[in-house]
Amino acid sequence: EEHGASDATEAMIAILGRLAQMDGNFFDMLAARVRGRTRNHLARLRADVYPERPDLARYVKEVAPGWFIGCNIANREKEKILREACKVAGLTFGRDLKIDMTNA
């Protein structure tokens, strides 16, 4: 299937939501794999995404009920998250999921 998105953030959120529909534990597993040094990228609480930077809360979006993702990241970080998401879902990034993100 081919889908279009207005930007990389919209595409990432749509893809993650779709992958989560296939596995109820998807976000739990992915959150553990994409945790950063100063941010969680994916968390159950909006405030936990950027715990040391409450000023970035405006960049947090709900990706699924009860799950929030930080969107104040470069496209290369979005791509890394999608690569990990593919691993969690048992897919091959670049074959099962192809995405063109400018500047990734």
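The stops below begin with the overall fold and then turn to individual residues.

**Before selecting anything.** This is a predicted model, in which local features need pLDDT of at least 70 and side-chain atom pairs count only at pLDDT 80 or more, while totals for chains, interfaces and linings use all residues. Residues are numbered from 1 along each chain as its sequence is written, and side-chain values use heavy atoms, with hydrogens and water left out.

**Stop 1: the whole chain.** Display the protein chain as a cartoon; it contains 4 helices and 3 strands, arranged along the sequence as α-α-β-α-β-β-α. Helices (H or I, at least four residues) and strands (E, at least two) are DSSP runs, numbered from the N terminus. The C-alpha trace spans about 35 × 30 × 25 Å along its principal axes. Of the 104 residues, 41% count as buried, where buried means under 20% relative accessible area, exposed over 50%, and partly exposed in between (1.4 Å probe, protein chains only).

**Stop 2: Leu-19.** Select Leu-19, which is found in helix H1 (residues 8-20). Leu-19 counts as buried, because its relative accessibility is 6%. Now show its surroundings: neighbours within four places in sequence aside, Leu-19 is in contact with Phe-26, Ala-85, Ala-89 and Leu-91, contact meaning heavy atoms within 4.5 Å.

**Stop 3: Arg-33 and Glu-84.** Next select Glu-84 and Arg-33, which form a salt bridge with the closest N and O atoms 2.8 Å apart. Glu-84 lies in helix H4 (residues 75-89) and Arg-33 in helix H2, so the pair ties together parts that are 51 residues apart in sequence. A salt bridge here is a side-chain nitrogen of Lys or Arg within 4 Å of a carboxyl oxygen of Asp or Glu; by this rule the count comes to 7. Is Glu-84 buried or exposed? Glu-84 is buried, at 19% relative accessible area, whereas Arg-33 is partly exposed at 43%. Include Lys-87 in the selection to see a network of salt bridges linking Arg-33, Glu-84 and Lys-87.

**Stop 4: Arg-44 and Asp-28.** Select Arg-44 and Asp-28, whose side chains meet in a salt bridge (3.6 Å, N to O). Arg-44 is in the loop between strand E1 (42-43) and helix H3 (46-49), and Asp-28 is in helix H2 (residues 26-33), 16 residues apart. Arg-44 is partly exposed at 46% relative accessibility, and Asp-28 is partly exposed at 38%.
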